[in-house]
Amino acid sequence: MGFLRRDTEVSEPGLLPQILLETLASLDGESVILGPGEVPIFSTSGIESLGILRENRIQSPELLATVRFVRRTGSQQIGQIEIPRGPIGEGKHQFTFRVLPLVKDDLVLVLVSDESEAQRAHDARRDFVANISHELKTPIGALSLLSEAVLGAKDDPESVTKFATRMQSEAKRLTDLVQEIIHLSRVQDSDPLQLPEEVSISYVIGEAIEQCQISSESRGISVKYLEPNHVVVLGDRDQLIMAIHNLIENAINYSPENTKVSISTEIENQVVSILVADQGIGIPKNEQGRIFERFYRVDPARSRQTGGTGLGLSIVKHVAAKHGGEVTLWSVESVGSTFSIRLPIHSLTVGRE
Ligand code: ADP
């Protein structure tokens, strides 16, 4: 909400009724009143930071044209404009505006609301639903084909066993996918810092390693936690275990057999970094920015082979962000990767796990 900032140049006492200014200031959006020559005589404080008004002029030619049209016709107009977020990059702010003639003194009122955030949330939801539908179609389609194959081969027990085994693995893929979708949406909807628990970092690392034991043993990969410490953070214990578990599971899945995965912690400036380092295939530089996106895989065939859902890193990113932290990545192809979850420290409890 803006507070009143009358434009110094034109402001004539009594030109605008106080009640109108107070109403505009109490609205959620921003507003500007234009006098003759489209000179602003009043605007709320946020209008400049939105980039609509600069150097006392309306910046968008589209909006100016609408204002002139409203002056000519006396009719209200509603529209949308896009204004660049900054001097570089492709980011744009999207605004909805409403332009109204004010009967008095040739004035025109422009009301502006920022639609970018609402639009972004809407787009993200729409993309997520589209992605989920696409991801679900693959195992469901496979199950349907395999069940037909089972029916067609009912007199051949060997084929039935083969198809039924594949049905089992597709059903498992479906279950894992649904489970991960639920995990991600829970993390997205939660606020682990609202009623946080004190969580010991060495405890969550220990739990995460234990959960990965079967896959690490089956691939002959040793998972070592180097030098446990006594850092405590605030948040949701299960979410933190899940995030570290996802990183260790990936480190195992994207490494050759009989290699090492090391987990360590570093403390600096009240921030703890939990590092998960592997000697695996690494991630090409040009893919490193995208792997945290939902369902993005560098090599979809390999991810499918390891039973990946494409949601693991997205969950890690959200868990870190919800805990006031971040996730960073160092990786070189054929050398290995190190993922780091960085979290604000609550306390260092010496001598207690
Ligand atoms: P997935 O279920 O496919 O593993 P993730 O979201 O966990 O999905 O990871 C996304 C992609 O990032 C993976 O498909 C893989 O290409 C890449 N990736 C993740 N972790 C590693 C790693 N430790 N080493 C190499 N590539 C990795």
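Biologist: At its relative accessibility, does E326 count as buried, partly exposed or exposed?

Modeller: Please keep in mind that this is a predicted model. Residues under 20% relative accessible area are called buried and those over 50% exposed, with partly exposed in between. E326 has a relative accessibility of 38%, and therefore it counts as partly exposed.

Biologist: With which residue does R342 form a salt bridge?

Modeller: R342 lies in strand β15 (residues 336-344), and its partner is in strand β14 (residues 326-332), 16 residues apart from it. R342 is itself partly exposed, at 30% relative accessibility. The closest N and O atoms of the pair are 2.8 Å apart, and the partner of R342 is E326.

Biologist: How many salt bridges does a search of the whole structure find?

Modeller: One of the salt bridges joins E38 and R71, whose closest N and O atoms are 3.0 Å apart. This pair links distant parts of the chain, since E38 is in the loop between β2 (30-34) and β3 (40-44) while R71 is in helix α2 (residues 61-73), 33 residues apart. Searching the whole structure gives a total of nine salt bridges.

Biologist: Which strands stand at the edges of the open sheet of five strands?

Modeller: The order of the strands is β10-β12-β13-β15-β14, and their pairing is mixed. An edge strand here has a single partner strand, so one side of it is left without a neighbour in the sheet, and this holds for β10 (222-225) and β14.

Biologist: Over how many bridges do β14 and β15 pair?

Modeller: Strands of a sheet pair through backbone hydrogen bonds, either parallel or antiparallel. In this pair, V332 has G336 of β15 as its bridge partner. The sense of the pairing between β14 and β15 is antiparallel, and the number of bridges is seven.

Biologist: Is helix α4 roughly parallel or roughly antiparallel to helix α9?

Modeller: Helix α4 (residues 157-189) and helix α9 (residues 312-322) pack with their axes 9 Å apart, at an angle of about 20 degrees. Angles under 35 degrees count as roughly parallel. The contact includes L184 and V187 of α4 and I315 and V319 of α9. The angle therefore makes α4 and α9 roughly parallel.

Biologist: What is the phi of F295, a residue other than glycine?

Modeller: Most residues other than glycine have a negative phi, and most peptide bonds are trans. F295 is found in the loop between β13 and α8, and it counts as buried at 10% relative accessibility. Its phi is positive, with a value near 65 degrees.

Terms used
Residues are numbered from 1 along each chain as its sequence is written. This is a predicted model: local features need pLDDT of at least 70, side-chain atom pairs count only at pLDDT 80 or more; totals for chains, interfaces and linings use all residues. Side-chain values use heavy atoms; hydrogens and water are left out. A salt bridge is a side-chain nitrogen of Lys or Arg within 4 Å of a carboxyl oxygen of Asp or Glu. Helices (H or I, at least four residues) and strands (E, at least two) are DSSP runs, numbered from the N terminus. Buried means under 20% relative accessible area, exposed over 50%, partly exposed in between (1.4 Å probe, protein chains only). Two strands pair if DSSP finds at least two bridges between them. Axes are lines fitted to C-alpha atoms, for helices over the stretch in contact, and angles run from 0 to 180 degrees between N-to-C directions. Angles under 35 degrees count as roughly parallel, over 145 as roughly antiparallel, 65 to 115 as roughly perpendicular and the rest as oblique. Contact means heavy atoms within 4.5 Å.
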